Amino acid sequence: MLVSMLSYSPSMLDEARSDVLSVARDWPGTIGEDVADRIALFMRRLLEWNQRVNLTGARSFEDLLGEHLPDSFAISKLVPLDSSVVDVGAGGGLPGIPFALLRPDCRVTLLEPRAKRVAFLNTAARETACKNVSVVRARLEEVGALRFDVAVSRATFSPEKWLELGPSLLLASGRVVLLTTFAVKPRAANARLVDSVGYKTSSGSARWAGCYCFT
């Protein structure tokens, strides 16, 4: 168990782990208790920091668990093995950090321009031993020559705008993942939907994640 989780009582840790594992059961495949512990720790730290830094609109562990964490599981089902992934406008680390914990085969770059959020992302990655994450303080237009296999963004751009901007970050044959509530037809003639998954949050809200290629 991670040293930084010792500030929580054993009963709190057991309950948080159990809650994460409960969400995981809604998705194909399994995660171990270690990964569940680290995801739970991340969400606890996010709520602690959120009291003094605006990181998320969620106000409880239950909100993060039921309304936000499913997005990370959805992305984990769409991203090919051993991919380099960028999360643009990473904010408080959702969905990027839980995704990185679920998919240690991937190399995840969290792109975020705001200093306080960057500080949190670095702290969260360190405390959860998320070694496949790097944090870059920059906006999308400031990434220079950096290119990735997969580009993800959540609640930073409209779906249509993200499908226009995302391809600029891709390597050849790269993919853009869109998180929304319905399938979107891209304006680009060479865009093609290659995979998707529909799911619901704990409140019953419909969500949809789609993976698009541009070749």
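1. The sulfur of C211 is too far from the closest cysteine sulfur for a bond, because that atom, in C213, lies 7.8 Å away. A disulfide is taken here as a pair of cysteine sulfur atoms within 2.5 Å. C211 is also buried, at 0% relative accessible area; buried means under 20% relative accessible area, exposed over 50%, and partly exposed in between (1.4 Å probe, protein chains only).

2. This is a predicted model, in which local features need pLDDT of at least 70 and side-chain atom pairs count only at pLDDT 80 or more, while totals for chains, interfaces and linings use all residues. Residues are numbered from 1 along each chain as its sequence is written, and side-chain values use heavy atoms, without hydrogens and water.

3. The structure has zero disulfides. C106 is in none; its nearest cysteine sulfur belongs to C130, 11 Å away. C106 counts as buried, with a relative accessibility of 1%.

4. Helix α2 (residues 33–50) and helix α5 (residues 115–127) have axes that come within 10 Å and cross at roughly 150°. Helices are DSSP runs (H or I, at least four residues), numbered from the N terminus. Axes are lines fitted to C-alpha atoms over the stretch in contact, with angles from 0 to 180 degrees between N-to-C directions. The crossing angle therefore makes α2 roughly antiparallel to α5, a term used for angles over 145 degrees.

5. From α2, the contact (heavy atoms within 4.5 Å) involves L41, F42, R45, L46 and W49. From α5, K116, A119, F120, T123, A124 and E127 take part. By class, the contact has seven nonpolar, one polar and three charged residues; Asp, Glu, Lys and Arg count as charged, Ala, Val, Leu, Ile, Met, Phe, Trp, Tyr, Cys and Pro as nonpolar, and the others, Gly among them, as polar.

Key. Helices (H or I, at least four residues) and strands (E, at least two) are DSSP runs, numbered from the N terminus. Angles under 35 degrees count as roughly parallel, over 145 as roughly antiparallel, 65 to 115 as roughly perpendicular and the rest as oblique.
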